Amino acid sequence: MDIYFDNAATTRPHDDVIAYMASVMRETYGNPSALHGAGLAAERTVREARGRVASLFCADAGNVVFTSGGTESNNTAILCGARARRRQGRRVITTRAEHPSVLESCALLAAEGFDIAFADVDGEGRLLPASVEALLNGDVILISCAHVNNETGAIQPTEALCALAEAHEKRTGKRIAVHADAVQSFGKLPLEALARRADLLSASGHKLHGPKGAGALFVGRNARIDPLLVGGGQERGLRSGTENVPAIAGFGLAAHMAHAHLAARAEKAAACKRRLLAGVRAGVRDVRLNGPDGAAASPYILNLSFPGVKGEVLLHDLEQRGVFVSTGAACSARKHAGSHVLAAMGLSRAEIEGAIRFSFGDFNTEAEAERAAEAVCAAVARFRKLGRYR
Ligand SMILES: Cc1ncc(COP(=O)(O)O)c(C=O)c1O
């Protein structure tokens with residue numbers, strides 16, 4: 001049996017999600033905006049999913065806007081969040097370690113005359129709140145940072161960012177919106193404290209054993225965004241387009257299932273991560289952990305470098321042994337550009353080229369982690385011998 005350790009890229013949908021989506025496609029095919037019974041049934045299905053997603057955000061259903069996924073949620077939060085506040089200022093603060101859907105949105109804003117300021121991350125990929133504080137001025141309208149970094153698993157001090165924004169508002173009377181890309185934490189870590197203070201949160205269905213093509217944007221009470229898509233006025237006018245009812249339904253069920261076992265699932269992922277790391281460290285020397293250790297990182301993501309071994313070569317060797325991993329984010333893997341996240345952390349070219357990301361999901365077991373560790377050790381030892389690594 002293959003071992004799938006690339007759950008940060010995407011997850012296998014739960015069988016119950018697949019069955020539910022199939023039944024919605026077959027039976028609940030009405031347009032949720034239609035006034036007849038078929039439309040009302042579809043509207044009820046979307047309403048139930050909205051409630052489920054909202055409760056995982058620890059929010060009210062009225063704060064959830066369904067989107068096509070994490071990319072659209074991030075684009076909407078940043079482009080539309082900034083544009084809606086352009087009269088208040090032009091500065092947006094983020095980091096160089098963000099997902100491309102954040103960085104490319106910021107690049108578009110820069111072309112429109114916004115001022116994008118990059119706060120520093122440390123050698124473990126953690127944002128330094130003091131560096132954000134140093135970038136605050138009267139022109140700041142938005143701060144955007146991932147809650148969990150998708151490559152290193154670093155849990156970012158997003159609540160500290162909210163506190164900085166609140167203190168700034170008290171001092172100056174001017175509000176700064178805080179957006180957290182929660183794509184890698186939604187359904188994995190508790191979001192209650194963050195949702196209470198953040199203005200905008202992004203989530204994506206396919207990262208938590210739901211379908212691709214469904215995501216959500218939490219829009220807080222005080223947040224203002226202009227819509228990215230305009231037309232029929234669905235989603236309270238914030239996201240036009242006929243709702244993707246089957247995917248939204250599947251996303252809702254996946255969120256519901258994740259919510260019910262949040263802590264137990266995180267503990268299971270943590271056990272896989274611990275077992276894999278211990279096995280690798282016991283079998284080969286010079287293993288570099290890219291990202292924070294222990295509770296400062298997500299239990300779902302482990303990023304390692306093996307000096308003397310290229311990550312891509314290792315990835316394909318592991319694939320031959322039935323272990324699927326990645327060299328970083330799936331969206332940049334095909335560009336062969338090297339990880340911009342690890343570069344922002346100050347890693348050398350060799351360390352970046354040697355990086356491998358293991359990411360865990362509900363279907364993984366500790367026995368798989370042990371088997372994967374053996375495969376990694378055998379491959380690294382062989383490549384190092386071939387390369388005369390000392
Ligand atoms: C942190 C983060 N943000 C955003 C995205 C984009 O999500 P989607 O694939 O649903 O567009 C991803 C997906 O890899 C991600 O890991």
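Predicted model: local features only at pLDDT ≥ 70, side-chain atom pairs only at ≥ 80, totals over all residues.

Trainee: Which residues come nearest to the ligand?

Mentor: There are 15 residues around the ligand, and Gly69, Gly70, Thr71, Asn150 and Ser204 come nearest. Helix α3 (residues 70-84) gives the largest share of that shell, three residues.

Trainee: What makes the shell around the ligand polar or nonpolar?

Mentor: Count the classes: 11 polar, three nonpolar and one charged.

Trainee: Now the fold. How many helices and strands are there?

Mentor: The protein comes to 14 helices and 12 strands. Three of the strands form an open sheet in the order β9-β10-β12, with antiparallel pairing.

Trainee: Why do β9 and β12 stand at the edges?

Mentor: β9 (288-289) and β12 (355-359) each have a single partner strand, so one side of each has no neighbour in the sheet.

Trainee: And what makes β9 and β10 a pair?

Mentor: Pairing takes at least two bridges. Two bridges join β9 to β10 (residues 301-305), so by the definition they pair. Leucine 289, for one, has leucine 304 in β10 as its bridge partner.

Trainee: What are the bounds of the two domains?

Mentor: The domain assignment gives domain 1 as 3-11 + 262-386 and domain 2 as 15-260. Their centres, taken over C-alpha atoms, are 27 Å apart. The contact takes 30 residues from domain 1 and 29 residues from domain 2.

Trainee: Which elements supply the side of domain 1 that touches domain 2?

Mentor: α9 (262-283), β10, α11 (330-333) and α12 (340-344) each supply at least two residues. The largest share, four residues, is from α12. By class, that side of domain 1 has 15 nonpolar, 12 polar and three charged residues.

Trainee: How do you know that the radius of gyration agrees with a compact globule?

Mentor: Set the value against the rule: for 390 residues, a compact globule would come near 21 Å, and the protein has 21 Å, so the two agree. The C-alpha atoms fill a box of roughly 70 × 55 × 35 Å along the principal axes.

Trainee: Last one: what share of the residues counts as buried?

Mentor: To be buried, a residue needs 20 or more other C-beta atoms within 10 Å of its own. Of the 390 residues, 49% count as buried.

Technical notes: Residues numbered from 1 in each chain as written. Domains from an automatic or database assignment. Contact = placed C-beta atoms within 7 Å. Nonpolar A, V, L, I, M, F, W, Y, C, P; charged D, E, K, R; others polar. Rg over C-alpha atoms; globule rule 2.2 N^0.38 Å. Buried ≥ 20, exposed ≤ 12 C-beta atoms within 10 Å, placed from the backbone. Near = placed C-beta within 6 Å.
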